[in-house]
Amino acid sequence: VIRELPRRGAFIWLRTDNRKWISLNPSVGFGRGESGSWGYRFSLGMTVRPTPNLSATVRSVINIKETNDEWIGVEEADDGEKIIYANSSQQTQDVTLRLNWTFSPDLSFQTYLQPFRAKVDYSDFVELAAPMTRHYVPFNYTDNNNIIMDNTIGTFVMRWEYLPGSILYVVYNLNDRNYFSASSDSWSPSKSNTLFIKLNYWFQA
């Protein structure tokens, strides 16, 4: 356990008139800790409404974070357990897309899609010299803990009221996750895409 130090930050958020056919929502944030860690966050959102029945929103977010006391784990040594920390460089990027399209009062389509990528690199490994302090000494850590995540998730929904009170739903869920571990020098893909169909029929008396 190490002693926590205070952090400070600032965040600026703006938005244009959302009654217009196009509106923007930029933001920027910054934070810094007394330990020397720091981070930035940039985002830009845009909503377009070309017609009353169609709207689309796109938002891109970038996070950059540098941490000099990231916990790595506990290593066994001849003279006891070693609590290991390191500097970490983290970068995440994601784009979120939302689409709402009403073709008619009976037929509509909605989409949510989010590609996401994260990368974490570790360097300058140290061990904690004494509990409840921030006193470190260099440590010869030989493992490579760097990771990359490359994921895409999404949901696509079609709604059709083919008869009054009777509705057909078609839903497709996208779940594509990919994890790269530098320690094994390999990707671990995972996909769980699913298709759902729901049919409601209203029996009139």
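Reader: Is K82 buried or exposed?

Author: K82 counts as buried, at 14% relative accessibility. Buried means under 20% relative accessible area, exposed means over 50%, and partly exposed is in between, with a 1.4 Å probe and protein chains only.

Reader: What should I know about the model and the numbering?

Author: This is a predicted model, where local features need pLDDT of at least 70, side-chain atom pairs count only at pLDDT 80 or more, and totals for chains, interfaces and linings use all residues. Residues are numbered from 1 along each chain as its sequence is written, and side-chain values use heavy atoms, with hydrogens and water left out.

Reader: Back to K82. Which residue does it form a salt bridge with?

Author: K82 pairs with E127, and the closest N and O atoms are 3.5 Å apart. A salt bridge here is a side-chain nitrogen of Lys or Arg within 4 Å of a carboxyl oxygen of Asp or Glu. K82 is in strand β5 and E127 in strand β6, 45 residues apart, so the pair links distant parts of the chain. Strands are DSSP runs of E with at least two residues, helices are runs of H or I with at least four, and both are numbered from the N terminus.

Reader: And E127, buried or exposed?

Author: E127 counts as buried, with 14% relative accessibility.

Reader: How many salt bridges by that rule?

Author: The count comes to five. Among them is the one between D150 and R117, at 3.4 Å from N to O.

Reader: How accessible are D150 and R117?

Author: D150 is partly exposed at 31% relative accessibility. R117 is partly exposed as well, with a relative accessible area of 34%.

Reader: Which residue does K191 bridge to?

Author: K191 forms a salt bridge with D176, with the closest N and O atoms 2.9 Å apart. K191 is in strand β10 and D176 in strand β9, 15 residues apart. K191 counts as exposed at 57% relative accessibility, whereas D176 is buried at 17%.

Reader: New topic. Which residues make up the largest nonpolar core?

Author: The core has eight residues: I72, I84, A86, V120, Y122, F125, Y141 and I147. Such a core is a set of buried Ala, Val, Leu, Ile, Met, Phe, Trp, Tyr and Cys residues joined through side-chain atoms within 4.5 Å.

Reader: Which elements give two or more residues to it?

Author: Those are β5 (80-104) and β6 (107-128). The largest share, three residues, comes from β6.

Reader: What is Y141 in contact with?

Author: Leaving aside neighbours within four places in sequence, Y141 is in contact with I72, E75, I84 and F125. Contact means heavy atoms within 4.5 Å.

Reader: Backbone next. What is phi at D124?

Author: Phi of D124 is near 55°, a positive value in a residue other than glycine. Most residues other than glycine have a negative phi. D124 sits in strand β6 and counts as exposed at 53% relative accessibility.

Reader: Where is D185, and what is its phi?

Author: D185 is in the loop between β9 (166-181) and β10 (186-191). D185 has a positive phi of about 55° although it is not a glycine. With a relative accessible area of 59%, D185 is exposed.

Reader: Now the aromatics. How many pairs?

Author: The count comes to eleven aromatic pairs. Rings of Phe, Tyr and Trp (its six-membered ring) pair if their centres lie within 6.5 Å; planes under 30 degrees apart count as stacked, over 60 as edge-to-face and the rest as tilted. Y40 and F42 form a stacked pair, at 5.9 Å centre to centre and 10° between the planes.

Reader: Which residues form the cluster with Y40 and F42?

Author: F30, W38, Y40 and F42 form one aromatic cluster. F30 is in strand β2. Y40 is partly exposed at 35% relative accessibility, F42 at 37% and F30 at 34%.
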